[in-house]
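My entries follow in the order of looking.

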Amino acid sequence: MALSARLAGFFSKSIRNRGNNYFYRSAVTITHSSDEEVEAKVIGGARYDVSLSLGGANFVVDCTCPYMDSSDSPCKHIWATILAAEKAGHFRRLELTDDVDLVVANLLHDEEGRDDDLDEETWENPGVPPYKVAEFDSP
């Protein structure tokens, strides 16, 4: 299954539509890529830095836009970058992966800094914001 198809359910229809517009008007420029990550600039109301990275079963996304400062959901710039990364052939191994967690990077920060040990962070209290935003299995 393609990257965008695997991740579409974790973006609202509105965010996907707006991200589609950015992608189709070529507002995304991939500035760095490797087997595990993509970094891009997205031109919107301003220029935003977007990063997508794959580490094990975690697909970590981040953007410097104001929306991401106040939300635990991924933004339109991230969606546009996912589409650009898919078109460029990045993250093809996700098509073969059974389980992947979509993780918003700004939720990885705690009072003492970045917490990179996601596997040991399990949130069962619904009153506490989760580190893992979404989890899905392949069909």
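I began just after α4, where Gly89 takes a positive phi of about 90°. Helices here are DSSP runs of H or I with at least four residues, strands are E runs of at least two, and both are numbered from the N terminus.

A note on the source: this is a predicted model, in which local features need pLDDT of at least 70 and side-chain atom pairs count only at pLDDT 80 or more, while totals for chains, interfaces and linings use all residues. Residues are numbered from 1 along each chain as its sequence is written, and side-chain values use heavy atoms, with hydrogens and water left out.

Helix α4. I checked its length: the twelve residues should span 16 Å at 1.5 Å a residue, and the end C-alpha atoms lie 17 Å apart, which agrees. The expected span is 1.5 Å times one less than the number of residues. I then looked up burial (buried is under 20% relative accessible area, exposed over 50%, partly exposed in between, with a 1.4 Å probe and protein chains only). Ten of the twelve residues of α4 are buried, so the helix is largely enclosed by the rest of the structure. Among them are Lys76, His77, Trp79 and Ala85.

Helix α1. I picked Ser4, which lies in α1 (residues 3–7). Ser4 counts as buried because its relative accessibility is 14%. I listed its contacts (heavy atoms within 4.5 Å). Beyond neighbours within four places in sequence, Ser4 touches Trp79, Ile82, Leu83 and Glu86.

Strand β4. I found five of its six residues buried, so β4 is largely enclosed by the rest of the structure. I next looked up pairing, which needs at least two DSSP bridges between two strands. β3 (residues 47–55) pairs with β4 in the antiparallel sense over six bridges, and Ser53 stands opposite Val60 in β4. The hairpin of β3 and β4 has two residues between the strands, and Gly56 there takes a positive phi near 65°. With β5, β4 pairs in the parallel sense over four bridges. Val60 has Val103 as its bridge partner in β5.

Rings. I searched for aromatic pairs (ring centres of Phe, Tyr and Trp, the last by its six-membered ring, within 6.5 Å; planes under 30 degrees apart are stacked, over 60 edge-to-face, the rest tilted). The whole structure gives three aromatic pairs. Phe23 and Tyr24 have ring centres 5.1 Å apart and planes at 65°, so this pair is edge-to-face. Phe23 is buried at 18% relative accessible area, whereas Tyr24 is exposed at 63%. Phe59 and Phe91 also pair edge-to-face, at 5.2 Å centre to centre and 85° between the planes. This pair links distant parts of the chain, 32 residues apart: Phe59 is in β4 (residues 58–63) and Phe91 in the loop between α4 (76–87) and β5 (99–104). Phe59 and Phe91 are both buried.

I also looked for charges over rings (NZ of Lys or CZ of Arg within 6 Å of the ring centre and within 35 degrees of the ring normal). Arg25 lies over the face of Tyr22, at 4.5 Å from the ring centre.

Whole chain. I noted four helices and eight strands, running α-α-β-β-β-β-α-α-β-β-β-β from the N terminus. Of the 139 residues, 40% count as buried. Among contacts between residues at least 6 apart in sequence, 60% join residues at least 24 apart.
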